[in-house]
Structures are given as C-alpha cells and as structure tokens.
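Thanks for coming. Please look at the sequence and the model on the screen while I talk through them.

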Amino acid sequence: MRRTDRLFDLIQLIRDGRLHRAADLAERLEVSVRTIYRDMDTLVASGIPVEGERGVGYILRAPIFLPPVTLTLTELEALHLGVALVRKAADPELQQAASSLSDKIDQALPDTRRLRAGAWRSLPRPRPRPDL
C-alpha cells in the first residue's frame with residue numbers, strides 16, 4: 001500500500017471521533033506501530049487536527065470534510081459497472097480493492113446519489129440506449 005493511500009485510510013479510521021490505539025490502527029492497516037507513529041506525526045504536521053500521544057491513543061479533534069465527489073448519474077453507473085465486474089472477475093487483491101473503493105464512494109457521495117445498500121456487489125442490468 002502506498003503511503004498516501006495509508007494516510008487517507010488512517011484519516012477514514014479516526015473520523016469516528018473515538019480514541020484509537022496505535023496498536024489497533026497498525027493491526028487494521030497491516031503496518032508496524034512505529035509506522036503509525038510516523039504517520040500520525042505526518043498528519044499533525046499537515047494540519048490534520050489529530051490529538052494524542054504514543055502509548056495512549058489518537059483522536060480527531062474536529063471533523064474533517066473531504067471535497068465532495070461530483071459525478072453525473074451516467075458516471076456513477078459506469079463506476080458501478082466497473083466495480084461489479086472487478087468484484088466478479090478479478091484476483092482476490094483487486095476484489096478487495098473494489099470493495100474498499102465502493103465503501104469510499106458510498107461515504108463520499110451525498111445521500112441523493114448513494115446506491116441502495118449492496119448495489120455495488122451485483123452486476124447492473126444494461127440500460128437500452130436511446131439512439132438504437
């Protein structure tokens with residue numbers, strides 16, 4: 001996993017407002033506790049409002065809002081189809097990545113654009129094209 005992806009995942013994990021021990025975060029992200037310490041230092045230096053210390057735990061002091069994802073319904077449909085295909089036909093690592101991606105997309109989209117629960121896990125039916 002790239003460091004930037006891990007930092008993003010770390011932010012996603014601590015966004016719940018609870019205290020998180022470095023050992024638990026390390027286990028979840030499959031890295032060492034020392035790596036979590038370095039990553040937390042990086043987040044603090046970047047201006048992310050993380051509070052805590054080694055041996056105690058870390059908590060996000062204020063909510064973080066990521067930029068909104070503005071996708072058209074057609075773009076969402078294309079993304080939905082791509083994720084569903086990868087979940088059905090790819091190797092286990094890509095299947096896991098597709099699952100993670102669908103969760104991130106669901107978290108970032110406004111309620112009016114979210115698909116019903118579980119929709120990412122099945123192949124959509126193709127729409128008839130109006131120009132045919």
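I will start with a term that I need in a moment: a crossing is left-handed if the near helix is turned anticlockwise from the far one by less than a right angle, and right-handed if clockwise. This is a predicted model, where local features need pLDDT of at least 70, side-chain atom pairs count only at pLDDT 80 or more, and totals for chains, interfaces and linings use all residues. Residues are numbered from 1 along each chain as its sequence is written, and side-chain values use heavy atoms, with hydrogens and water left out.

First, the overall layout. The protein has 5 helices and 2 strands, in the order α-α-α-β-β-α-α along the sequence. Helices (H or I, at least four residues) and strands (E, at least two) are DSSP runs, numbered from the N terminus.

Now the crossing. Helix α4, residues 73–89, passes helix α5, residues 92–108, in a left-handed crossing. Their axes are 8 Å apart and the packing angle is about 150°. Axes here are lines fitted to C-alpha atoms, for helices over the stretch in contact, and angles run from 0 to 180 degrees between N-to-C directions. The angle makes α4 roughly antiparallel to α5. The cut-offs are under 35 degrees for roughly parallel, over 145 for roughly antiparallel, 65 to 115 for roughly perpendicular, and oblique for the rest.

Which residues of α4 and α5 make the contact? From α4 they are Leu79, Val83, Val86, Arg87 and Lys88, and from α5 they are Leu94, Gln95, Ala98, Ser99, Leu101, Ser102 and Ile105. Contact means heavy atoms within 4.5 Å. By class, this contact of α4 with α5 has 7 nonpolar, 3 polar and 2 charged residues. Ala, Val, Leu, Ile, Met, Phe, Trp, Tyr, Cys and Pro count as nonpolar, Asp, Glu, Lys and Arg as charged, and the others, Gly among them, as polar.

Next pair: α2 and α3. Their axes come within 8 Å and cross at roughly 105°, so α2 and α3 are roughly perpendicular to each other. Ala22, Ala23, Leu25, Ala26 and Leu29 of α2 meet Val33, Ile36, Tyr37 and Met40 of α3. The residues of this contact of α2 with α3 divide into 9 nonpolar, no polar and no charged.

In the loop between α2 and α3 sits Glu30. Glu30 has a positive phi of about 60° although it is not a glycine. Is Glu30 buried or exposed? At 72% relative accessibility, Glu30 counts as exposed. Buried means under 20% relative accessible area, exposed over 50%, and partly exposed in between, with a 1.4 Å probe and protein chains only. Of the 132 residues of the protein, 28% count as buried.

That brings me to the core. A nonpolar core is a set of buried Ala, Val, Leu, Ile, Met, Phe, Trp, Tyr and Cys residues joined through side-chain atoms within 4.5 Å. In the largest one, which has 18 residues, Leu10, Leu25, Ile36, Met40, Leu43, Ile48 and Val50 touch the most other members. At least two residues of this core come from each of α1 (3–14), α2 (22–29), α3 (33–45) and β2 (57–60). α1 gives the most to this core, with 5 residues.

Last, Leu10, in helix α1. Leu10 counts as buried, at 0% relative accessibility. Leaving aside its neighbours within four places in sequence, Leu10 is in contact with Leu25, Leu29, Ile36, Asp39, Met40 and Leu43.
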